[in-house]
Amino acid sequence: MKFLHLFVSVLSFFLLIHCQSAPQTSTNANAELSQEITSVKDLLPPPGGEGEIIINERGEEVQNHTGEIPFFQKKSDLPTEIFRVFIASDSYQVRQIRHTDKIRRKPDAGGDELSKEEMKKFDLLSFVDDGMITIGLNTVTGKLESIAFDRRVPRINDIAKIIQNDASRFNYEHSSKDGTPIITRFLISYQIRLYPGKTRDEIKQMLQKKK
């Protein structure tokens with residue numbers, strides 16, 4: 001019954017916010033998320049500032065360019081923002097935009113897949129949302145010590161929980177000789193994208209059947 005109530009609440013939320021849904025995007029998600037750089041003119045400055053190296057979810061160095069999703073392209077105005085994470089049911093991507101010489105996220109392909117799976121049940125209507133989380137690490141062990149939303153909380157509570165759980169699983173490598181963290185407090189920005197799995201009429205019918 002608890003899950004049923006949650007499901008009905010989520011469907012009701014989508015009906016209320018459909019007018020705020022994201023503009024129609026290309027049906028080819030792979031094209032939107034392509035990492036291929038077609039020419040030198042497509043290169044953009046690093047979002048974290050000149051000279052910053054960008055690292056993806058696999059620990060590979062990448063460049064900022066016009067083929068990236070806009071969330072990754074835009075300049076960062078928050079000095080403590082280090083990671084950007086994009087999650088959809090068909091994609092999980094990370095960009096570390098600052099301080100790669102001091103701290104790095106350890107790749108976790110299995111955890112990335114689980115976060116993608118969590119998004120599938122929310123694919124009802126086209127919708128984009130974001131959130132920002134403050135991370136605090138223990139000054140001795142470098143392990144997670146505190147986690148909280150900062151500035152922006154996703155409008156769907158269950159998606160906010162997914163984001164918080166995702167950020168809490170991250171493990172980090174620290175560049176100091178003894179392994180103690182040089183950076184102990186920073187921001188992780190999230191963007192989530194939902195895809196239209198059902199029409200509004202289908203959702204209305206589902207709600208009527210649940211009553």
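## Salt bridges and buried residues

Tutor: In this predicted model, arginine 169 and aspartate 108 meet through their side chains in a salt bridge, with 2.8 Å from N to O.

Student: What makes arginine 169 and aspartate 108 a salt bridge?

Tutor: The N to O distance is 2.8 Å, and the cut-off is within 4 Å for a side-chain nitrogen of Lys or Arg and a carboxyl oxygen of Asp or Glu. The pair therefore qualifies.

Student: What does the pair tie together?

Tutor: Arginine 169 sits in the loop between α5 and β8, and aspartate 108 in the loop between β5 and α4, so parts 61 residues apart in sequence are tied together.

Student: Why is aspartate 108 called partly exposed?

Tutor: Its relative accessible area is 30%.

Student: How do you know whether arginine 95 is buried or exposed?

Tutor: Arginine 95 has a relative accessible area of 3%. Buried means under 20%, so arginine 95 is buried. Arginine 95 also forms a salt bridge with glutamate 57, where the closest N and O atoms are 3.4 Å apart.

Student: And why does glutamate 57 count as buried?

Tutor: Its relative accessibility is 10%, and the limit is under 20%, so glutamate 57 counts as buried. Both residues belong to a network of salt bridges that also links Arg58, Glu60 and Glu68.

Student: What separates lysine 116 and glutamate 113 in helix α4?

Tutor: About one helical turn, because they are three residues apart in that helix. Their side chains meet in a salt bridge at 3.3 Å, N to O.

Conventions:
Residues are numbered from 1 along each chain as its sequence is written. This is a predicted model: local features need pLDDT of at least 70, side-chain atom pairs count only at pLDDT 80 or more; totals for chains, interfaces and linings use all residues. Side-chain values use heavy atoms; hydrogens and water are left out. Buried means under 20% relative accessible area, exposed over 50%, partly exposed in between (1.4 Å probe, protein chains only). Helices (H or I, at least four residues) and strands (E, at least two) are DSSP runs, numbered from the N terminus.
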